[in-house]
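User: I would like to learn how to read the features of a structure step by step. Could you take me through one?

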Amino acid sequence: MRVLLVSANRELIPDPIFPLGLAYIAAAARQAGHLVAVADLCFGSRPIHELQQQVRMFKPDVIGLSIRNVDNAAYPLTVDYLTQHREVINAIRDVTRTPVVLGGSGFSILPGAYMQALDGDYGIKGGDEQNFVALLDALDNNHDPGVVPGVLARSGNHPTGVDIQTPAKTDTNRGNRLRPARHLFDYARYVRRGGTGNIQTKRGCVFKCNYCTYPLLEGNRFRVRDARDVVDEIEDLLREYGRHPVFFVDSLLNFPRGHVEGICEEILRRKLNVRWSCYATPVKLDRRQAQLMAQAGCEGIELGSDAIDDGQLERLGKSFDAATVVHANQYCLDAGLRVCHSLIFGGPGETESSIRSTCRALQEMRPTAVVAMTGVRVYPGTPLAGQLISSGKMAGNDIGLMPAFYIEPGVANFLPAYLQQQARKAGNWVLPGMEPPLLPISQRILRALGVSGPLWRLLRYSWMRQISRTKFRRPATSWGIPNPRRTLP
Ligand code: B12
Ligand code: SF4
């Protein structure tokens with residue numbers, strides 16, 4: 001079949017991100033013998049027009065539309081991408097009647113609602129490339145696509161638009177060493193403009209943080225790649241595209257124990273000169289692990305700490321206590337790693353005292369950077385959504401197509417001003433929902449000057465604070481529209 005794969009994502013902040021997931025889908029479809037073309041809307045000056053032209057010329061039998069982001073997950077400066085996704089699908093419908101298959105992480109969070117909102121012909125929830133291949137086969141052979149795992153057909157929509165989530169099916173590609181078809185895209189441009197490439201070493205997450213979608217998207221077990229296979233891919237990347245830093249897109253790179261160690265040892269064994277960064281958990285992050293990561297080229301880790309207060313960590317369903325975060329932070333700094341803490345303030349049960357204790361701990365820990373969210377983004381199908389609905393704190397209808405956030409009412413008035421004050425005092429904090437993290441133009445200039453790797457690690461410099469802390473009030477996004485109804489209390 002002739003398959004056109006479209007990456008709808010045009011967000012350039014914090015960086016343009018190479019559509020790795022769609023590159024996997026493309027590789028699987030090619031491996032199954034289909035003729036694949038891609039339309040990447042990220043950089044084009046007239047992306048919609050260019051897409052229509054490509055559809056007319058390529059004449060696809062099937063179009064796969066990848067929807068990565070639903071919104072920017074930040075409050076109150078929430079940016080919702082639905083309008084832009086509608087624009088893309090309408091443009092396709094204007095020029096062809098070819099069936100459109102929706103997929104991607106954004107779609108998989110709200111499959112039923114997105115099927116309705118975009119009027120997709122088919123949708124595939126989750127990341128198993130073989131499901132897409134099976135759907136293509138079914139369409140090619142006039143079989144019933146409804147029997148393909150993870151597939152939603154038009155008739156199968158949930159009438160309410162609110163999704164009933166089940167964990168994504170375990171994917172099968174780990175065994176056959178599928179490599180993303182990066183060559184079909186302009187990977188080098190993403191590296192130039194975004195400062196990093198990306199690579200995946202495993203899927204899934206075994207932890208049960210109550211607000212998190214990752215176990216729903218990728219499954220609640222780890223499926224890990226062999227370290228040699230991962231490092232082969234890194235070597236290929238550096239050979240084909242020149243030396244550049246990579247971001248490991250795994251939910252957490254340093255768990256289960258032994259996984260990151262295997263990759264680091266293989267990098268060191270091959271004397272590979274690569275800079276990389278990743279998400280990590282403080283669980284079992286000890287001195288040895290931090291040192292090994294630093295030796296193998298890690299230039300920064302983003303710790304999913306969420307809070308540094310025992311009560312609040314427990315309420316968020318985290319699997320560690322505040323002392324574990326403090327120690328992990330210290331091991332990383334001692335090893336020379338830069339550390340950015342991702343925090344969520346205002347979740348259920350948060351109090352002024354728990355907020356202050358997290359901020360006090362941060363002052364003492366002196367991390368490289370802090371990204372602090374005001375309120376917690378509530379996604380359908382998560383344990384948090386269930387708790388909030390059953391306790392009457394949110395209505396089921398509130399947790400659907402429009403981005404929903406929860407801020408504990410007792411701290412709603414105190415929190416925004418307090419966080420802004422902390423951010424001003426510390427100097428290295430980013431408050432994505434309240435202060436735009438970076439001007440698109442500043443991002444562009446930094447990357448054009450050859451600054452690569454994660455930009456948060458530069459927040460310790462006052463010039464960086466200057467360009468990311470301007471008083472501008474425009475959207476913190478290149479093409480999304482902040483929702484004007486959302487204001488600070
Ligand atoms: C790593 C990551 C980042 C890194 C990326 C670094 C890099 N250089 O790659 C950073 C930190 C920069 C980042 C930024 C953002 N991110 Co992010 N990120 C992720 C994460 C953890 C993994 C993404 C990834 O690469 N996965 C690996 C690939 C292989 O999987 P995939 O893309 O999902 O593709 C698979 C399937 O979805 C499917 N698929 C994909 N396309 C298609 C198409 C079709 C037709 C089909 C059938 C299937 C299909 O098959 C693929 C193969 O398995 C996800 C969470 C997650 N676990 O998915 C969040 C996630 C994608 N991010 C999210 C968000 C919100 C953002 C930001 C908007 C946050 C912000 N305010 O800055 C920005 C947007 C940046 C941008 N320009 O788009 C959300 C999106 C949902 C939402 N709320 O909208 C997610 C899902 C996290 C969440 N909150 O649940 N992110
Ligand atoms: S927040 Fe991190 S550790 Fe917790 S479930 Fe999500 S990906 Fe796993």
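Analyst: We can begin with a helix pair and its handedness. The model is a predicted one, and in it helix 1 crosses helix 6 in the right-handed sense. The two helices pack at an angle of about 45°, and their axes are 9 Å apart. That angle makes helix 1 oblique to helix 6.

User: Which residues of helix 1 and helix 6 meet?

Analyst: On the helix 1 side they are Tyr24, Ile25, Ala28 and Ala29. Helix 6 brings Glu129, Gln130, Phe132, Val133 and Leu136. Sorted by class, this contact holds seven nonpolar residues, one polar and one charged.

User: How do helix 2 and helix 3 cross, and at what angle?

Analyst: Read the axis distance and the angle together, then the handedness. For helix 2 (residues 47-58) and helix 3, the axes come within 9 Å and the crossing is at roughly 35°. Helix 2 passes helix 3 in a right-handed crossing. From helix 2, the residues Ile48, Leu51, Gln52, Val55 and Arg56 take part. They meet Glu87, Val88, Ala91, Ile92, Asp94 and Val95 of helix 3. The class count for this contact is seven nonpolar, one polar and three charged residues.

User: Is the crossing of helix 10 and helix 11 left-handed or right-handed?

Analyst: Helix 10 passes helix 11 in a left-handed crossing. The axes of helix 10 and helix 11 (residues 287-295) come within 9 Å and cross at roughly 35°. The residues that meet are Val260, Glu261, Cys264 and Leu268 in helix 10 and Gln289, Leu292, Met293 and Gln295 in helix 11. Five nonpolar residues, two polar and one charged make up that contact.

User: Next, the domains. Into which domains is the protein divided?

Analyst: There is domain 1 (2-156) and there is domain 2 (196-482). Their C-alpha centres lie 27 Å apart. A distance between centres is one description, and a list of contacts is another. Here 31 residues of domain 1 are in contact with 35 residues of domain 2. On the domain 1 side, strand 4 (79-80), helix 3 (82-95), helix 4 and helix 5 (111-118) each supply at least two residues. That side of domain 1 has 18 nonpolar, eight polar and five charged residues.

User: What surrounds ligand 2?

Analyst: The residues around ligand 2 are Cys205, Phe207, Cys209, Cys212, Tyr214, Pro215, Ser251, Leu252, Thr281 and Gly304. Seven of this shell are nonpolar and three polar, with no charged residue.

User: Finally, the backbone. What should I expect of phi and of peptide bonds?

Analyst: Most residues other than glycine have a negative phi, and most peptide bonds are trans. The exceptions are what to look for.

User: Which peptide bonds here are cis?

Analyst: One of them runs from tyrosine 75 to proline 76, with omega near 0°. Proline 76 sits in the loop between strand 3 and strand 4. Another cis bond, also with omega near 0°, runs from phenylalanine 255 to proline 256. The loop between strand 11 (246-248) and helix 10 (259-269) holds proline 256.

User: What is the phi of lysine 59, and where is that residue found?

Analyst: Lysine 59 is not a glycine, yet it has a positive phi of about 50°. Its place is the loop between helix 2 and strand 3.

Terms used. Residues are numbered from 1 along each chain as its sequence is written. Chains are lettered from A and ligands numbered from 1 in the order in which they are written. This is a predicted model: local features need pLDDT of at least 70, side-chain atom pairs count only at pLDDT 80 or more; totals for chains, interfaces and linings use all residues. A residue is near a molecule or strand if its C-beta atom, placed from the backbone, lies within 6 Å of it. Ala, Val, Leu, Ile, Met, Phe, Trp, Tyr, Cys and Pro count as nonpolar, Asp, Glu, Lys and Arg as charged, and the others, Gly among them, as polar. Domain bounds come from an automatic or database domain assignment. Two residues are in contact if their C-beta atoms, placed from the backbone, lie within 7 Å. Helices (H or I, at least four residues) and strands (E, at least two) are DSSP runs, numbered from the N terminus. Axes are lines fitted to C-alpha atoms, for helices over the stretch in contact, and angles run from 0 to 180 degrees between N-to-C directions. Angles under 35 degrees count as roughly parallel, over 145 as roughly antiparallel, 65 to 115 as roughly perpendicular and the rest as oblique. A crossing is left-handed if the near helix is turned anticlockwise from the far one by less than a right angle, and right-handed if clockwise.
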